[in-house]
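I opened my notebook to look up a few places in this model. I write down what I asked and what I found.

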Amino acid sequence: MARHDRWVMLTTLAVLQALTIVIGVYAMTTDFSLGALTRQSPPTKPTASPPEGSPSVPVVTSGPVLAQLSVKSGGGPLPTKGTLTRQLTSALGDEALGSHVGAVVIDAATGERIFAANADTPIVPASTTKVVTCSAALASLGPDTRLSTRVVQGAKPGTAVLVGGGDPMLAGPSAKPTYPKQASLATLAARTAATLKSQNLRKITLSYDTSLFVGSPIAPGWKPNYVPDGEVAPVYALTMDEGRQNPRFHQPRVSNPPQYAAAAFAKLLAKQGITVSRSVKPGKAPAGAPELGRVDSAPLYSLVEHALTRSDNDLAEALARHVAIKEGQEASFEGGTKAVVAVLQRLGAAQGISLSDGSGLSTRNRISPGALAKLIAMSGSPSQPNLHAIASGMPIAGFSGTLGNGRRFTGSDSRGEVGLVRAKTGTLNNVNTLAGMATTKDGRLVTFAFMADRVPATAEPVLDRLAAIVARS
């Protein structure tokens with residue numbers, strides 16, 4: 001009996017295997033499909049294969065549902081406005097924000113305002129001003145532009161002029177490697193020395209030219225303590241290590257950055273075997289003078305990312321002046337702000353913006369939440385590829401830059417959104433702002449700006465909560 005059962009089992013398996021082979025052959029040689037098993041009607045007409053080289057057709061997994069959504073490919077549905085409005089309105093009532101608050105949330109794809117409260121009210125922006133300055137720099141100068149520091153031949157034989165190119169990140173002799181990679185004063189000295197030696201010159205008189213930037217090195221609306229406290233250095237076209245005596249520390253800043261950089265350059269030349277006369281004074285490079293040496297900064301898109309992530313005041317002010325030069329304005333605070341606004345007008349994004357500096361240190365700046373959120377939305381638009389570094393440069397909640405300092409997104413109402421929000425911070429006395437972007441739980445990209453300039457103490461935890469609400473929506 002056991003032998004008979006074994007024979008039956010083996011026979012059954014053989015029949016099943018044969019049946020499987022037959023079905024497989026049939027499926028490959030006919031129009032057999034699972035649609036027949038699920039009673040779906042076959043296509044009325046055969047679908048032609050796309051021509052070679054044409055874009056592939058996306059697979060539609062939920063056609064009847066997604067077809068009803070007015071969103072771009074890859075976007076999710078808009079968050080429920082009623083729920084979002086209720087949650088944001090409740091959070092905006094927090095006393096920590098003070099009495100002058102503006103807020104907006106914008107759908108990045110369409111520009112539609114999903115939430116708005118005093119969205120067009122001008123508010124002191126603090127460092128969120130850098131979003132405006134950097135947007136104008138990218139649009140005007142282009143993301144691949146580099147800032148050049150040069151040495152040229154002087155008017156007389158045996159003279160040379162160090163020409164400031166408006167690169168405050170120019171690395172001095174004691175600077176450590178950073179990202180983005182900085183132009184190096186030591187490299188400039190080596191290249192200059194090599195050129196001088198090829199001309200049989202081993203002793204020169206050195207001067208320095210700072211004429212690229214003009215006007216006051218201190219902005220209207222800057223508080224007297226900003227430079228002593230290391231918030232910023234006086235703005236000059238020739239600066240190394242952003243005017244820091246020690247590049248590792250924000251303070252102290254030197255009182256005369258051009259002279260400080262030129263003196264360091266003279267010492268670097270001496271190490272390369274070029275004797276420099278004891279007196280290094282300001283001068284003017286002759287027009288069209290032959291170049292003896294040159295170093296270039298990282299490309300502008302990298303500088304912008306650094307300026308936003310690290311909230312770099314010195315770099316932001318330099319970028320505003322470079323916009324002024326490109327736009328035909330004088331390279332001063334006034335010329336820089338005029339030029340930035342002019343570029344924004346071309347972009348259709350100037351409404352609600354009034355500036356006195358490029359960094360946001362000035363208490364005279366005014367920007368509306370709507371203007372900030374609109375610019376950030378533009379940075380992610382396929383129609384504005386030059387602005388993409390705005391999006392990539394903003395700090396990531398809990399991870400990088402001014403949102404990665406251990407103080408932000410640490411509350412029970414915001415730490416769940418660590419890594420899900422990218423935003424630029426702004427902080428001055430009695431001023432807290434946060435403007436950035438987030439993807440909602442259903443995959444919709446939105447931008448936001450939350451701003452308060454009559455803050456009793458600090459409103460940072462409330463701003464984090466507001467951004468977290470947006471990311472959870």
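**Entry 1: Asn365**

Where is the place of Asn365? I found Asn365 in the loop between strand S9 (353-354) and strand S10 (366-367). I note here that this is a predicted model.

Is Asn365 buried or exposed? Its relative accessibility is 0%, so Asn365 counts as buried. The cut-off for buried is under 20% relative accessible area.

Next I looked at the side chain of Asn365. It reaches the backbone nitrogen of Ser356 at 2.5 Å. It also makes a polar contact with the side chain of Asp357, at 2.7 Å. I then listed contacts, leaving aside neighbours within four places in sequence. Asn365 is in contact with Ile123, Val124, Pro125, Thr129, Ser354, Leu355, Ser356, Asp357 and Gly360.

**Entry 2: helix H10**

Which helix holds Ala339? Ala339 lies in helix H10. I checked the length of this helix. H10 has 15 residues, and at 1.5 Å a residue they should span 21 Å. The end C-alpha atoms of H10 are 21 Å apart, so the two values agree.

Which residues of H10 are buried? I wrote down Phe333, Gly335, Gly336, Thr337, Ala339, Val340, Val341, Val343, Leu344 and Leu347. What covers these buried residues includes H5, H9, S9 and helix H11 (369-379). After H10 comes Gly348, and its phi is positive, near 75°.

I went back to Ala339. Its relative accessible area is 0%, so Ala339 is buried. Not counting residues up to four places away in sequence, Ala339 touches Val323, Ala324, Glu327 and Gln329. Ala339 and Ala324 are 15 residues apart along the chain, yet 5.0 Å separates their C-alpha atoms.

**Entry 3: H9 against H10**

At what angle do helix H9 (residues 313-326) and helix H10 (residues 333-347) pack? The angle is about 70°, and the axes are 7 Å apart. That makes H9 roughly perpendicular to H10, because angles of 65 to 115 degrees count as roughly perpendicular.

I listed both sides of the meeting. From H9 come Glu317, Ala320, Arg321, Val323 and Ala324. From H10 come Phe333, Gly335, Gly336, Ala339, Val340 and Val343.

**Entry 4: helix H7**

I ran the length check on helix H7 (residues 257-271) too. Its 15 residues should span 21 Å at 1.5 Å a residue. Its end C-alpha atoms are 22 Å apart, which agrees.

What caps the N-terminal end of H7? Asn256 does: a side-chain oxygen lies 3.3 Å from the backbone nitrogen of Gln259. Just after H7, Gly273 takes a positive phi of about 90°.

In H7 I found these residues buried: Pro257, Pro258, Ala261, Ala262, Ala264, Phe265, Ala266, Leu268 and Leu269. An α-helix has 3.6 residues a turn, so residues three or four places apart point the same way. The buried residues of H7 pack against strand S3 (148-153), strand S4 (159-163), helix H6 (185-198), strand S5 (203-209) and strand S6 (275-276).

**Entry 5: the nonpolar cores**

How many residues does the largest nonpolar core have? It has 49. Those with the most contacts inside it are Val132, Leu300, Val304, Leu344 and Leu372. Helix H5 (residues 129-141) gives the largest share of this core, 7 residues. A second, separate core has 30 residues, including Val446, Phe448, Ala467 and Val470.

I followed up Leu300. Leaving aside neighbours within four places in sequence, Leu300 is in contact with Ala137, Leu138, Leu141, Gly142, Pro143, Asp144, Thr145 and Leu319.

**Entry 6: His306**

I found His306 in helix H8 (residues 300-309). His306 has a relative accessible area of 15%, so it is buried. Not counting residues up to four places away in sequence, His306 touches Met169, Tyr179, Pro180, Ser311, Asp312 and Leu315.

**Entry 7: Arg113**

Last, I looked up Arg113, which is found in strand S2 (residues 113-117). At 34% relative accessibility, Arg113 counts as partly exposed. Its side chain makes a polar contact with the side chain of Asp120, at 2.7 Å.

Which residues does Arg113 touch, not counting residues up to four places away in sequence? They are Lys81, Val104, Val105, Ile106, Ala119, Asp120 and Gly370. Arg113 and Gly370 are 257 residues apart along the chain, and their C-alpha atoms are separated by 8.8 Å.

Terms used: Residues are numbered from 1 along each chain as its sequence is written. This is a predicted model: local features need pLDDT of at least 70, side-chain atom pairs count only at pLDDT 80 or more; totals for chains, interfaces and linings use all residues. Side-chain values use heavy atoms; hydrogens and water are left out. Helices (H or I, at least four residues) and strands (E, at least two) are DSSP runs, numbered from the N terminus. The expected span of a helix is 1.5 Å times one less than its number of residues. Buried means under 20% relative accessible area, exposed over 50%, partly exposed in between (1.4 Å probe, protein chains only). Contact means heavy atoms within 4.5 Å. A polar contact is a pair of N or O atoms within 3.5 Å; within protein, one must be able to donate a hydrogen and the other to accept it, and residues adjacent in sequence count only if both atoms are side-chain atoms. A nonpolar core is a set of buried Ala, Val, Leu, Ile, Met, Phe, Trp, Tyr and Cys residues joined through side-chain atoms within 4.5 Å. Axes are lines fitted to C-alpha atoms, for helices over the stretch in contact, and angles run from 0 to 180 degrees between N-to-C directions. Angles under 35 degrees count as roughly parallel, over 145 as roughly antiparallel, 65 to 115 as roughly perpendicular and the rest as oblique.
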